[in-house]
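Take a slow look at the fold below before reading on. Then follow the chain from its overall form down to single residues.

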Amino acid sequence: MKKALLFSQALIALLCSAGMANAQGTHPDTVKTGIYVTSIHDIDFKQNEYTIDLWLWLKYRNKDFDFEHNLEIPQAKTVEKSFSTIDSSGGRIYLLMKLQCVMQDSWRINNFPFDRQQLRLSLENSQYDSRSLVFVTDTLGKHYDPRFTLKGWNIDSFILSSGIKPYETAFGDETMPKPHTEYSSFKVRAVLTRDATDLFWKLFIGMYVSFLISYICFYIHADNIDSRFALSVGSLFAAIGNKYIIDASLPESISFTLVDALHGLTLFFIFLVITSSVYSLRLVKQNKIKQANRFDMVAAQVLLVVYIAVNIYLITNAKAS
């Protein structure tokens with residue numbers, strides 16, 4: 001009887017330990033991941049891309065992960081590996097790589113050039129999903145070289161995180177009950193800002209000069225209609241040309257940006273100058289020269305004040321946003 005009882009207890013203990021082992025086996029292995037950025041350059045607004053040079057290290061125990069061949073950077077257009085070393089001592093793998101990635105990203109240009117950009121980079125293992133592998137961030141030390149300069153930009157924040165990225169597909173695996181898979185993802189997000197005052201004047205000085213040229217029409221006698229219209233039409237085309245030059249360096253946008261707002265405002269006020277000139281000419285043809293001169297002076301002051309005020313409002317709002 002005693003022997004039977006001892007045998008039952010031993011069997012139960014064995015089953016429990018086997019169950020615990022199986023339960024532990026379902027836990028995904030962790031990959032401790034760190035990054036150190038040495039350079040961010042070639043920021044291209046038109047092509048929606050930038051280039052990043054970085055050191056990447058991964059620490060894990062499962063040799064099957066093979067990050068040398070299974071590393072995936074979803075948003076990368078190209079990935080070049082210039083250096084790689086592996087240390088497998090102590091039952092753990094330490095992989096260190098030097099990478100250069102050309103990253104595809106979308107830019108926020110609503111407030112350009114007073115824009116605030118987020119650069120995103122993520123890493124995954126192309127073979128093992130989140131049931132087998134999860135990333136853990138290595139937060140020790142700095143994550144970018146404080147000596148490297150991003151010309152014209154400042155790094156406000158540099159954040160490392162990990163998470164789960166869902167894919168609404170089984171990638172052709174017919175054994176999956178539904179087309180849904182999840183992969184662990186290591187994420188990097190850098191927030192960039194800049195003092196764009198000099199860049200702003202560099203981009204928009206031509207537009208403002210165009211408006212001032214048309215504004216001079218108010219100080220030309222109203223009966224010189226040819227001179228007035230020549231200046232106004234010339235400034236109109238100059239403002240349009242300035243907009244096309246700026247748009248050529250920016251990606252297409254379906255929203256109304258600061259660039260669109262300022263150029264639209266300038267074109268509208270140039271149109272108002274032309275309209276005012278037409279009205280002044282009409283007064284002159286009616287021999288109302290004093291009224292025409294008075295109208296020119298009043299219109300000149302009102303249009304200038306309103307134009308400057310609206311510009312200040314739009315620019316201030318863009319900077320605040």
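This is a predicted model: local features need pLDDT of at least 70, side-chain atom pairs count only at pLDDT 80 or more; totals for chains, interfaces and linings use all residues.

The chain has six helices and nine strands. Its radius of gyration is 33 Å, while the globule rule gives 20 Å for 321 residues, so the chain is more spread out than a compact globule. Along the principal axes, its C-alpha atoms fill a box of roughly 130 × 40 × 35 Å.

How much of the chain is buried? Of the 321 residues, 38% count as buried. The chain exposes about 18600 Å². Carbon and sulfur atoms supply 58% of that area. Now consider contacts with a separation of 6 or more: residues 24 or more positions apart account for 72% of them. Charge is the next item. The chain has 32 positive and 30 negative charges, and their mean positions are 7 Å apart.

Next come the loops. Between strand S1 (29–44) and strand S2 (49–60) there is a loop that holds Asn48. Asn48 is not a glycine, yet its phi is positive, at about 55°. Another loop runs between strand S5 (93–104) and strand S6 (117–125), and Pro113 lies in it. Which kind of peptide bond joins Phe112 and Pro113? The bond is cis, with omega at about 5°.

Now move to the helices. Helix H3 (197–215) is one of those that cover the buried residues of H6. Tyr208 is found in helix H3. Is Tyr208 buried or exposed? Its relative accessibility is 12%, so Tyr208 counts as buried. The cut-off for buried is under 20%. Leaving aside neighbours within four places in sequence, Tyr208 is in contact with Phe200, Trp201, Leu262, Tyr307, Asn311 and Ile315. Compare this with Val191: Tyr208 and Val191 are 17 residues apart in sequence, and their C-alpha atoms are 31 Å apart in space.

Helix H4 has 23 residues. At 1.5 Å a residue they should span 33 Å, and the end C-alpha atoms are 33 Å apart, so the two values agree. Which residues of H4 are buried? They are Ile225, Arg228, Ser232, Ser235, Ala239, Asn242 and Ile246. An α-helix has 3.6 residues a turn, so residues three or four places apart point the same way. Keep that in mind when reading the list for H4. The cover over the buried residues of H4 includes H3, H5 and H6.

Helix H5 (residues 258–285) has 28 residues. From first C-alpha to last it reaches 41 Å, close to the 40 Å expected at 1.5 Å a residue. Although Asn287 is not a glycine, its phi is positive, at about 60°. At 68% relative accessibility, Asn287 counts as exposed.

Among the buried residues of H6 are Ala292, Asp296, Ala299, Ala300 and Leu303. Tyr307, Asn311, Ile315 and Ala318 are buried in H6 too. Tyr307, Asn311 and Ile315 are also contacts of Tyr208. What covers the buried residues of H6? The cover includes helix H3, helix H4 (225–247) and H5.

Methods
Residues are numbered from 1 along each chain as its sequence is written. Side-chain values use heavy atoms; hydrogens and water are left out. Helices (H or I, at least four residues) and strands (E, at least two) are DSSP runs, numbered from the N terminus. The radius of gyration is taken over C-alpha atoms; the globule rule is 2.2 Å times the number of residues to the power 0.38. Buried means under 20% relative accessible area, exposed over 50%, partly exposed in between (1.4 Å probe, protein chains only). Contact means heavy atoms within 4.5 Å. Accessible areas come from the Shrake-Rupley method with a 1.4 Å probe; for residues, only the protein chains shown count as cover. Lys and Arg count as positive and Asp and Glu as negative; His and the chain ends are not counted. The place of a charge is taken as NZ of Lys, CZ of Arg, CG of Asp or CD of Glu. The expected span of a helix is 1.5 Å times one less than its number of residues.
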